Amino acid sequence: MSHPSSHPSSQPSSATPRPRDFSALAAYGWDTAWEAAYDDACARPATAGPDPVPGRVVRVDRGQCDLVTPLGTLRADTEFVVPRDPLRVVCTGDWAVVDATGNPPYVRALLPRRTAFVRSTSSKRSEGQVLAANVEHALIAVSLAAEVDLGRIERFLSLAWSSGAQPVLVLTKADLVPDETTRSHLLADAATSAPGVPVLAVSAETGEGVDELAAAVAGGTTALLGQSGAGKSTLANALLGRAAQTVRTVRDRDHKGRHTTTTRNLLPLPAERGGGVLIDTPGLRGVGLWDAEDGLGHTFAEIEELAADCRFADCAHVAEPGCAVLAAVESGTLPERRLDSYRKLLRENARLAARTDARLRAEQHREAKQRQALGRHMMERKRGPRRRS
Ligand SMILES: Nc1nc2c(ncn2[C@@H]2O[C@H](COP(=O)(O)OP(=O)(O)OP(=O)(O)O)[C@@H](O)[C@H]2O)c(=O)[nH]1
Ligand SMILES: [Zn+2]
């Protein structure tokens, strides 16, 4: 009676500890801080259990996700961690504690996020949807093939800043602007609209600027943002050094490249260029309106700085006396376009917030009416039906 494997109680989980080797995760952004967070999570009673492994989410499906783990890629159930709060739903880029012994394996807990791209209908008061987590660099691709829309750049920048990631502005298809003077003007305009942001001109066609871009995003996790046709897939290929994202050019009416997205949304970058991870999810690509209010302060850093010198603390920089912002426009140090764009994005955000508020008020009103109706009903039951007279 000494066959150990035939008796469950003779096989405590601690007798077969999994060798602790997480080196396979280094290419996916694992570091000592994640390791500490992982150990913390494993020690918590709510998430404690036998044989956990850390993993990074490379793709999500309904109720399931694919993770890279020291044991290879696993498909795991996410039901266990799916809470009511949509902001806590598992998303690409998340680090997780995985129970690999389960059949199927399942995600036991998510490690606290460092950054998150959240799509919300408005401010934090309403529900949002997380599109990507733990992104260090937000690569904003803007095509030089068309007229550069600085307002759009500022919008993308605000979204990027509000996620907590550092934006990197990439002017793509630089080969289409061979004229040096034109190009340096475009670069200067973009730089004026992007304080605190590296601005690079890149051509995937000639390879110009690709090494600089690789250096700018090395080591961290990078997400790709930008309009359709901006050259994101092509940039991804250039960074990956292989055709991981298949770009197919098809003839269609507007001659736009059509992409077929690979199943994995999170890919390690070549180690010889400094490594890093690339996140390219369809949801992030087609950014709509998000709550970018937190990001506006960064995007228009020089305006917020000037505003500190306005006479009135609540100065709207419209016609107030002693307005430092208007004075800067007057003297030519602040382009008027910047102030207009700032106002426009502020208004847009305020409208979104108001719409959310209206919806919340309507919900509260409905709930109050339901409570009233219930109260009346209970009262009538106590008193008996009201007599008609
Ligand atoms: N001349 C030139 N063309 C480029 C360059 N990079 C991309 N293109 C072309 O631009 C078109 C769009 O590129 P994509 O990489 O598919 O753009 P995308 O941003 O991924 O587009 P979506 O998948 O729709 O979001 C394709 O026809 C590319 O061949 C470049 O550096 N130079
Ligand atoms: Zn002012």
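Modeller: A residue is called buried if 20 or more other C-beta atoms lie within 10 Å of its own, exposed if 12 or fewer, and partly exposed in between. Please keep in mind that this is a predicted model. The UniProt annotation "binding site", which comes from an unreviewed entry, covers Cys 310, Cys 315, His 317 and Cys 323.

Cys 310 is found in the loop that lies between α8 (301-307) and α9 (324-331). Because 19 other C-beta atoms lie within 10 Å of Cys 310, this residue is partly exposed.

If its neighbours within four places in sequence are left aside, Cys 315 is in contact with Ala 307, Cys 310, Glu 320 and Cys 323.

To place this part in the chain, the protein is divided into domain 1 (16-112), domain 2 (132-285) and domain 3 (293-358), and the contact between domain 2 and domain 3 takes 13 residues from domain 2 and eleven residues from domain 3. On the side of domain 2 that touches domain 3, the largest share, ten residues, comes from α2, and the residues of that side divide into six nonpolar, five polar and two charged.

Six strands form an open sheet in the order β10-β9-β8-β11-β15-β14, with mixed pairing. Since β10 (199-201) and β14 (266-268) stand at the edges with a single partner strand each, one side of each is left without a neighbour in the sheet. From one strand to the next the twist averages 25°. Within this sheet, strand β8 (residues 137-143) runs parallel to strand β9 (residues 166-172) and is joined to it by seven bridges, and Ile 140 stands opposite Leu 169 in β9. Helix α2 (residues 150-163) packs on the sheet, where it touches β8, β9 and β11 (221-225), and its direction makes about 170° with that of β8.

Definitions and conventions: Residues are numbered from 1 along each chain as its sequence is written. Chains are lettered from A and ligands numbered from 1 in the order in which they are written. This is a predicted model: local features need pLDDT of at least 70, side-chain atom pairs count only at pLDDT 80 or more; totals for chains, interfaces and linings use all residues. Two strands pair if DSSP finds at least two bridges between them. Helices (H or I, at least four residues) and strands (E, at least two) are DSSP runs, numbered from the N terminus. Axes are lines fitted to C-alpha atoms, for helices over the stretch in contact, and angles run from 0 to 180 degrees between N-to-C directions. Two residues are in contact if their C-beta atoms, placed from the backbone, lie within 7 Å. Domain bounds come from an automatic or database domain assignment. Ala, Val, Leu, Ile, Met, Phe, Trp, Tyr, Cys and Pro count as nonpolar, Asp, Glu, Lys and Arg as charged, and the others, Gly among them, as polar. UniProt positions are given in the numbering used here, feature names are shortened, and annotations may be inferred rather than shown by experiment.
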